[in-house]
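Colleague: I would like to go through this model with you and ask what stands behind the terms used for it.
Modeller: Go ahead; here it is.

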Protein chains: 6
Amino acid sequence: MADYRFLLIQALRPPGPPASGPKEAQLMNHADVAPFLDGIAWDLHPGPVAANDFGTAETRAEFAEVGVRRQPIVREACASGKYNAIVLLGGGDPGFIEAREIGQSYGIPVTACAHAQMHVASMLADRFTVLDVAELHNMRMRDAVVQYGFADRCASIRNMHFHLPRPENGDLPAIAGEADKAARGEPSAMLEAGVRAVEAAIEEDGAEAIIIGCSAAYWLQPHLQRRLSASGWQIPILEGYRCAILQAKLLVDLGFAASGLAFPQPRPARWRRRKLV
Amino acid sequence: MADYRFLLIQALRPPGPPASGPKEAQLMNHADVAPFLDGIAWDLHPGPVAANDFGTAETRAEFAEVGVRRQPIVREACASGKYNAIVLLGGGDPGFIEAREIGQSYGIPVTACAHAQMHVASMLADRFTVLDVAELHNMRMRDAVVQYGFADRCASIRNMHFHLPRPENGDLPAIAGEADKAARGEPSAMLEAGVRAVEAAIEEDGAEAIIIGCSAAYWLQPHLQRRLSASGWQIPILEGYRCAILQAKLLVDLGFAASGLAFPQPRPARWRRRKLV
Amino acid sequence: MADYRFLLIQALRPPGPPASGPKEAQLMNHADVAPFLDGIAWDLHPGPVAANDFGTAETRAEFAEVGVRRQPIVREACASGKYNAIVLLGGGDPGFIEAREIGQSYGIPVTACAHAQMHVASMLADRFTVLDVAELHNMRMRDAVVQYGFADRCASIRNMHFHLPRPENGDLPAIAGEADKAARGEPSAMLEAGVRAVEAAIEEDGAEAIIIGCSAAYWLQPHLQRRLSASGWQIPILEGYRCAILQAKLLVDLGFAASGLAFPQPRPARWRRRKLV
Amino acid sequence: MADYRFLLIQALRPPGPPASGPKEAQLMNHADVAPFLDGIAWDLHPGPVAANDFGTAETRAEFAEVGVRRQPIVREACASGKYNAIVLLGGGDPGFIEAREIGQSYGIPVTACAHAQMHVASMLADRFTVLDVAELHNMRMRDAVVQYGFADRCASIRNMHFHLPRPENGDLPAIAGEADKAARGEPSAMLEAGVRAVEAAIEEDGAEAIIIGCSAAYWLQPHLQRRLSASGWQIPILEGYRCAILQAKLLVDLGFAASGLAFPQPRPARWRRRKLV
Amino acid sequence: MADYRFLLIQALRPPGPPASGPKEAQLMNHADVAPFLDGIAWDLHPGPVAANDFGTAETRAEFAEVGVRRQPIVREACASGKYNAIVLLGGGDPGFIEAREIGQSYGIPVTACAHAQMHVASMLADRFTVLDVAELHNMRMRDAVVQYGFADRCASIRNMHFHLPRPENGDLPAIAGEADKAARGEPSAMLEAGVRAVEAAIEEDGAEAIIIGCSAAYWLQPHLQRRLSASGWQIPILEGYRCAILQAKLLVDLGFAASGLAFPQPRPARWRRRKLV
Amino acid sequence: MADYRFLLIQALRPPGPPASGPKEAQLMNHADVAPFLDGIAWDLHPGPVAANDFGTAETRAEFAEVGVRRQPIVREACASGKYNAIVLLGGGDPGFIEAREIGQSYGIPVTACAHAQMHVASMLADRFTVLDVAELHNMRMRDAVVQYGFADRCASIRNMHFHLPRPENGDLPAIAGEADKAARGEPSAMLEAGVRAVEAAIEEDGAEAIIIGCSAAYWLQPHLQRRLSASGWQIPILEGYRCAILQAKLLVDLGFAASGLAFPQPRPARWRRRKLV
């Protein structure tokens with residue numbers, strides 16, 4: 001039961017050669033995530049090349065393209081026999097539905113950060129808010145909430161208005177650098193925007209748990225948790241890596257990847273005359 | 001207002017050189033669809049190469065890949081200035097969300113067969129059933145129903161158990177050849193399965209309109225309409241081409257591609273602090 | 001397919017002789033609507049006499065009475081053989097359900113402004129707000145949203161608090177005169193109220209498209225669209241005439257008035273043991 | 001508190017002079033209903049003339065017309081000062097929404113049979129089925145379920161296929177005469193159809209209470225209750241008169257007709273900027 | 001029909017001997033409730049001893065314990081043959097589901113204050129807000145809304161932040177004494193908080209009726225009704241005692257305690273293969 | 001992270017002295033569950049004494065009473081400092097909500113079998129069916145589905161009609177003995193009923209995963225999984241112990257018991273003016 005062999009796959013990587021160096025250095029916020037990887041034999045795949053030059057996915061088109069580029073990575077990892085679970089990193093779950101379908105054909109569970117966060121948040125609370133970065137990315141989170149059947153449990157998607165790199169965004173508040181400021185104990189405008197957004201989510205939207213949308217904002221988790229606790233709000237702040245890793249452990253322990261009726265394979269042995277939605 | 005310049009894009013094409021010959025010959029069931037194209041200046045794009053050797057899309061992975069391969073076609077068509085609407089052919093709407101996003105950046109509406117059928121069916125009736133071909137394809141239709149927000153109006157997805165070409169399906173009932181049988185007035189087992197499925201949808205599931213899932217089953221429309229009417233059921237049978245074409249005409253007339261808030265572009269002029277799902 | 005012969009029926013007319021003069025002069029905001037009537041052979045019926053002396057319908061009782069008075073007009077128009085679609089003008093759709101039932105018996109589609117706007121808005125966006133005039137009228141819009149099955153897609157009904165003529169309303173802000181002010185480029189308090197209401201709908205209610213409730217406010221459409229666009233919000237503003245006309249064209253092209261199972265006629269050939277809601 | 005002065009208003013009456021004779025003789029199934037009228041001072045109004053020659057309401061058009069014809073009766077009854085509640089008889093609640101609006105202006109509660117049954121059934125059980133007579137009438141019941149907000153609690157509308165008088169229905173199973181057969185202890189095909197429909201509703205649809213749709217089938221109540229109990233099913237069978245009378249008593253005791261925000265009157269003292277649906 | 005023999009059971013009583021004196025003196029707000037008890041032969045049971053020393057129930061654990069302690073009281077009352085209905089006093093309905101189950105085995109209806117208020121509010125309006133006292137109690141009201149199937153009709157639970165006795169709450173605003181202040185015509189901070197909460201519920205949450213959560217706040221009803229009416233809002237303010245009493249009268253008149261399928265007893269005569277939720 | 005110290009608490013025990021012997025012998029189906037307890041330091045508490053003489057909980061009253069009797073066990077376990085999670089055994093989750101509230105005050109997660117199964121099933125599939133034993137118990141499962149917010153994901157509750165001991169059930173099919181028959185490879189009528197119920201759930205109700213209701217039927221899990229797989233249905237069959245254990249591990253790893261806003265404690269540091277349901 002305690003044999004966890006996971007492949008963590010980055011959402012995407014910038015054009016050019018993949019980063020080198022130890023996997024720990026390449027895993028965002030490794031210090032925060034390390035306890036959750038304890039006891040797991042894990043590899044890190046750098047992910048597919050991004051669909052744009054600046055190495056991000058925000059539009060639906062970019063997310064779709066990155067998702068498709070992940071397929072061969074997932075397929076190869078499953079076929080290798082080296083892993084008993086695949087963890088898709090990245091906030092918007094590019095390629096997740098297809099990856100689960102592939103995983104199911106090998107009996108290997110595949111988890112992803114938005115999906116796992118929504119499930120974990122639902123264990124802890126009735127309604128969650130997605131704390132997210134910017135308008136474009138919000139729409140991908142909205143699509144994910146709907147696809148995964150969590151519209152009734154999603155109180156809102158809150159937009160901090162901090163931005164990934166993109167030519168059009170040159171003069172807008174940038175995500176880059178904010179984590180470092182916070183780590184150094186300097187004021188971070190993004191962290192302040194996050195605190196305000198979470199408080200508004202609690203008081204106006206009815207949020208009782210927070211999940212984070214874009215993985216570039218996952219660094220906020222410990223900071224927000226401290227800040228909210230300090231101000232008296234007892235609300236769990238989740239982020240995607242820990243949830244996707246923990247869900248993968250659960251599914252490996254359980255022994256199921258997914259329902260074969262929800263993820264049928266070519267030529268199922270039995271078929272239904274009627275599928276209900 | 002009557003200036004309709006449409007590009008119809010096939011869902012996919014088999015590997016190898018694209019088909020040649022007049023566009024009418026390449027448009028499935030052209031005789032049925034021709035009246036709906038009357039007054040429209042239209043071109044036909046053969047679509048992207050399929051993600052498998054047998055030239056179909058059924059699994060979620062195949063659908064996603066074909067969807068992404070459609071993006072440059074849509075983008076180029078929008079940029080060409082030649083068209084005022086794009087109609088995505090094919091039953092499972094591969095690439096539709098992304099194509100709408102692209103179209104919105106040009107102010108050009110993009111329509112697709114499942115989406116358009118669901119909207120048209122909702123104008124006619126409270127609940128519709130998706131008449132579909134096989135288990136794999138059903139799941140794509142299920143995903144589309146959920147994504148488009150029609151779960152409450154979808155009575156069921158009925159599975160006829162007739163199959164697209166796929167190595168695993170060699171001995172299963174095939175779609176191929178059935179349309180010809182029906183056209184010749186010979187008995188078609190697929191048509192009979194369709195009639196039974198529609199009657200079950202009416203009597204057991206509460207369907208009051210029928211939409212067809214896989215475009216390889218669109219040929220059933222006139223046959224089913226006749227058969228159902230003959231047996232006394234007054235239920236509209238839709239198919240995707242006509243609905244997608246008519247919706248595209250409506251949107252061209254209306255002058256909107258989509259809401260800019262539902263399909264935001266990079267760096268929107270205004271942004272919202274909160275997105276509700 | 002391009003043979004559109006429509007009868008447009010006013011919601012109601014004041015007591016006294018019907019207005020005379022060219023139909024164009026009698027169609028509110030004709031200049032705005034004209035492009036949408038291009039290519040359509042249309043007649044205008046002045047509608048039934050209002051249920052009150054001041055020539056409006058706002059209470060549920062007034063709406064119901066006007067709706068019933070429209071029945072013989074619809075029936076006669078269908079029986080005349082002159083029209084292939086009926087377009088019910090007016091914001092609250094008086095008599096629409098009954099008129100569809102009558103139309104269905106002739107195979108003639110009937111459209112109405114609130115119903116058509118909700119369907120079109122749903123094509124463009126996930127959620128719409130109804131921009132409406134006053135408390136009484138809001139309730140009729142609420143009833144329509146519920147009856148048509150759009151409660152989940154309706155973000156809110158926003159009340160501008162501008163009033164139709166009614167003895168009790170003498171000292172309240174009046175709709176009358178506002179359109180003229182706006183047309184002359186003078187400040188219109190109603191337009192300003194509309195702008196504020198739409199912005200609140202976007203920012204507080206999650207609206208991604210706007211439909212207009214009372215037809216006496218349809219004149220706002222081009223003004224609101226300009227104002228919202230100028231302030232950076234990319235949100236479609238609809239109004240009822242264009243949507244009802246375009247939906248009628250679509251249904252004429254499609255060849256269905258409605259589902260015979262949703263609008264059964266006396267002695268249907270087949271009957272169901274169970275109707276699901 | 002025990003001062004109940006009710007006017008019961010028939011749904012409609014056939015053309016010609018209204019029936020004469022004691023009110024008890026004119027109230028359908030008086031013997032069944034009498035206990036529920038105990039302690040109430042009640043008058044019976046014969047209702048408006050039907051919208052057709054055969055004295056029934058089944059189509060939406062007929063229901064709407066009868067509903068409007070009831071308005072002056074309700075208004076006059078409220079204005080008379082003689083009654084502290086109005087009970088609208090008839091299964092499909094013609095004119096109910098408008099009558100509540102009128103009643104609200106006098107502070108007088110108005111109840112109706114379908115609405116009251118749905119509320120009472122919801123007190124007793126999670127889901128109810130509407131046992132109804134025929135296809136046309138089913139649609140009116142469906143409209144009422146939706147308008148009143150009970151779609152989630154309505155398991156189904158079951159159709160017995162027994163008919164009100166209508167020229168087209170001459171050779172179809174008729175309601176007329178069935179109550180008398182059952183009263184005489186003779187076999188009634190309609191009662192048997194009702195038993196079958198209720199059992200199917202329990203076993204297939206999940207019904208846990210039964211309400212009856214058309215008032216011409218209210219006579220079934222005691223027979224069905226006995227039959228179901230005899231066969232071991234412990235399910236409450238409701239009918240409309242008792243429920244509408246009991247709800248009227250409750251509202252008179254309570255001292256509210258309805259919410260003034262749900263049924264606003266011309267020129268409300270306060271108004272809301274936003275109505276949520 | 002007018003034979004009402006009710007046992008009213010308090011939610012709980014403080015440790016120590018039960019209060020003595022006339023039942024009227026022990027029934028909170030007796031003067032307000034008296035008219036609703038007119039014509040009813042009623043006894044008052046002091047209820048079970050509270051699960052804490054300070055004689056209240058607020059946490060879920062306290063509510064559950066008090067609920068179970070009510071069971072023998074309900075069972076004994078049913079078995080005594082003295083009563084034809086049981087009315088459970090108290091705002092959070094402790095033990096209600098179990099008490100209904102017990103009552104059903106005797107054919108005796110059991111009503112409770114939150115449940116009855118939700119049903120009555122739904123008769124009057126589309127959406128209601130629960131006006132409640134404090135965070136802990138709000139959660140019990142939330143659980144009740146969900147259990148009873150009213151989530152769609154519940155606009156919000158508004159928290160006045162006034163407190164029942166509890167050691168931790170010594171310095172927080174207390175409910176105790178507020179009713180007396182208001183009765184003496186002195187300013188009551190709790191009443192003011194209630195007015196503000198109701199106005200916010202109307203304007204922000206879409207409430208069209210108000211029910212009160214904790215029975216210790218039922219005294220607010222006449223004051224709130226006056227204040228809201230004076231400020232022009234025509235919204236019914238309910239409280240639990242009157243609603244539970246009136247619902248009990250209705251059920252006694254009706255002759256049903258509950259559906260035997262919703263509250264099955266050991267060894268039901270018939271059983272279902274499938275229960276739908 | 002791998003420090004799991006769990007207390008497993010039985011739902012109830014028969015009157016008389018608690019069973020003695022090794023904990024493994026007292027844990028139902030220990031052989032099936034053992035792999036899921038691997039790596040966990042666990043104790044087993046025999047649970048509270050049942051509310052009836054025959055040592056079961058089926059009625060709502062019995063469930064409530066057993067639930068309350070569990071409170072001191074949970075409280076004492078939390079206070080002992082010996083455990084970092086509590087796992088409530090038993091199918092109907094008696095006392096779960098209250099136990100979570102208690103656990104939250106210690107920061108200790110509490111899991112329960114029905115709740116955990118619903119969450120795990122939702123990770124695997126869109127809709128699940130509850131396979132359950134008998135009518136009385138079905139109602140408890142229904143209550144749990146509703147309370148936990150899974151009504152939309154619950155396809156049905158299927159009733160096998162096999163019974164726990166109860167005086168009234170003497171001649172009905174009994175659960176007792178069936179597991180042994182199946183273990184010996186003899187035919188088990190209960191297993192056959194389970195297979196039929198699951199197949200009906202798949203084909204009629206749209207189930208894509210199965211959870212088991214009563215813990216006395218958990219032994220079916222491996223048998224059903226084998227049988228369904230053998231007949232070609234690829235559907236996960238869950239049972240409660242493994243799901244509750246795995247969920248407890250996840251929550252211990254995660255470091256959250258529950259949201260403090262969903263399970264507030266006396267005198268929360270911050271409070272909300274509005275709770276949304």
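**Chains F and E**

Modeller: About 4,500 Å² is buried between chain F and chain E, and carbon and sulfur atoms give 60% of that area. F:Glu135, F:Arg267 and F:Val277 supply 16% of what chain F buries against chain E, more than any other three residues. Bear in mind that the model is predicted.

Colleague: How do you know that the copies meet through the same surface?
Modeller: Of the interface residues of chain F, 100% are also interface residues in chain E, so the surface is the same. In contact are 49 residues of chain F and 49 residues of chain E.

Colleague: Why is the pair F:Asp205 and E:Arg274 called a salt bridge?
Modeller: The N to O distance between their side chains is 2.6 Å, and the cut-off is 4 Å, so the pair qualifies. The count between chain F and chain E is six salt bridges.

Colleague: Why does E:Ala125 count as buried?
Modeller: Its relative accessibility is 6%, and buried means under 20%, so the term applies. E:Ala125 sits in the loop between helix H5 and strand E5 of chain E. Its contacts beyond four places in sequence include D:Ser259 and E:Arg153.

Technical notes: Residues numbered from 1 in each chain as written. Chains lettered and ligands numbered in written order. Predicted model: local features only at pLDDT ≥ 70, side-chain atom pairs only at ≥ 80, totals over all residues. Heavy atoms only, no water. Helix = DSSP H or I, 4+ residues; strand = E, 2+ residues; numbered from the N terminus. Buried < 20%, exposed > 50% of the residue type's maximum accessible area, 1.4 Å probe, protein only. Contact = heavy atoms within 4.5 Å. Buried area = accessible area lost by both parts, 1.4 Å probe.
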